[in-house]
Amino acid sequence: MNPLRIVCVAALLLAAGSANGNLSGLNKLRPSQWLSSSQLEQTPSIDEISLQKLESMSVEKGAELMQKLYHLSQINNDLKPSFVPSSSNVPCYIVKPNGKKVSTSLDKLASACKQQPNFGEEEVTILITGLPATTETVRKANRKLIDAYLQRYSTKRQQPSKFDYSGEKMARTSSEEDSNEWQNQQASSGNLVIIDLGNELNSFKRFSLLDVDETGAMIASAIVEMTEKCDVADETIHVVAQGIAAHVAGAAGNEFTRKTGRQLRRITALDPSKILAKNPHSLTGLSRGDAEFVDAIHTNVYGMGTIQRVGDIDFYPNGPSAAVPGAQSIVEASMRATRYFAESVRPGNERNFPAVAANSLKEYKNNDGFGKRAYMGINVDYDLEGDYILEVNSKGPFGKRAPVQKQNSYHGVHNSLRKKDNN
């Protein structure tokens, strides 16, 4: 029997037991309080769900389905983490400054990096994908992030060739990359590595049953080997991870510390997902402390994402919601975090996303936020922490760029003191 069907049956039994008074202390868990028996029967099994199906649903329908699946999966923890991809099956790419890629696999990643001239002498960015590139939404977001890093790491400050992602070269499709500001920025250099975990999550069942901790430990071993073979300094490593892979990155950071006694510099979570399959006896998922600095961008908290704070600083564009402006499905909403981060990576766009610490979008709009202003994306200040709200555009460029208006506390006090000093 399918694991999710078992969960549904268990949920019905739990509701029946509670009604008889046998489990009176668990009444709040009764699915009958938020889901009828007929709705439970109509909930598809994980074998019947696909990325394409989720993308074809409206935001509301997709979010409703994901909420059902998540709550059902948490009852009695009947959905066990059981899928760990083989390291030899996880595709990896080392992206050269000209857009060409060196293909390898996770088990051979360190050796492939070692063969690259000057690898590790500058910043090393590791992108861990969280969904398969089987839809244009996912492909487009990933290509834009990779192209943004190519532009950032271009020492000659000329438009680099487009990265050939999943067999297709991306044509420019939005104004977010039309700006020429990057040409006037100071040159930088670095190394971009892609761990395409999403390629192995090619069914919703694999996504749902992924063993986050074991997969993270496997990736940590590859990163440790890379640092040793290529003499990469820990403080130069920035892990950027999408969705479920954000939690894998957290487990990898934790294991990296256990193996080496040191921490990765930074983990950036791009719409960290809900975790359906968990081990009830251990804490699973990304959290502050998994790297020296952990930041997260939440764009689909009531759909594929999670509303839970996972980092030192968590950004909620347009406040916690099922989708950000312009997204037509929960898949598109989830991938918007990647698009926003990609926009900030492009030189000249680092401050496109000004944000303020606040508890809601209403509080933000009423200028009732508090604390120091932050900029979501590549150049976020490491000394900040808390929940931050900002507004975004429905189309690219997504960042509003306009400075956030004065907020209570920090900005109001700061400006009043400055006026007194000038008098």
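Among contacts in the protein between residues at least 6 apart in sequence, what percentage join residues at least 24 apart? The figure is 76%, where contact means heavy atoms within 4.5 Å.

A word on the basis of these values. This is a predicted model, in which local features need pLDDT of at least 70 and side-chain atom pairs count only at pLDDT 80 or more, while totals for chains, interfaces and linings use all residues. Residues are numbered from 1 along each chain as its sequence is written, and side-chain values use heavy atoms, with hydrogens and water left out.

**Sheet and helices**

The protein has 12 helices and 13 strands; these are DSSP runs numbered from the N terminus, with helices being H or I of at least four residues and strands E of at least two. An open sheet with mixed pairing takes in 11 strands, in the order 2-1-6-3-7-8-9-10-13-11-12; two strands pair if DSSP finds at least two bridges between them. At its edges are strand 2 (101-105) and strand 12 (370-375), each of which pairs on one side only.

Angles run from 0 to 180 degrees between N-to-C directions, and axes are lines fitted to C-alpha atoms, for helices over the stretch in contact.

| Helix | Strands touched | Angle of directions |
|---|---|---|
| Helix 6 | strands 1, 3, 6, 7 and 8 | about 160 degrees with strand 7 |
| Helix 10 | strands 7, 8, 9 and 10 | about 130 degrees with strand 8 |

These helices also meet each other: the axes of helix 6 (residues 136-152) and helix 10 (residues 330-345) come within 8 Å and cross at roughly 10 degrees. That makes helix 6 roughly parallel to helix 10, since angles under 35 degrees count as roughly parallel. Among the residues making the contact are Leu 145 and Tyr 149 of helix 6, and Met 335 and Phe 341 of helix 10.

**Cores**

The largest nonpolar core has 70 residues. Such a core is a set of buried Ala, Val, Leu, Ile, Met, Phe, Trp, Tyr and Cys residues joined through side-chain atoms within 4.5 Å, and buried means under 20% relative accessible area with a 1.4 Å probe, protein chains only. Helix 8 (residues 212-230) gives the most to this core, nine residues. Leu 106 is one of the residues with the most contacts inside the core. Leaving aside neighbours within four places in sequence, Leu 106 is in contact with residues including Cys 92, Ile 195 and Met 218.

A second, separate core of 37 residues includes Phe 353 and Phe 398. Of the 423 residues in the protein, 55% are buried.

How values were computed. Parallel < 35°, antiparallel > 145°, perpendicular 65-115°, else oblique. Buried < 20%, exposed > 50% of the residue type's maximum accessible area, 1.4 Å probe, protein only.
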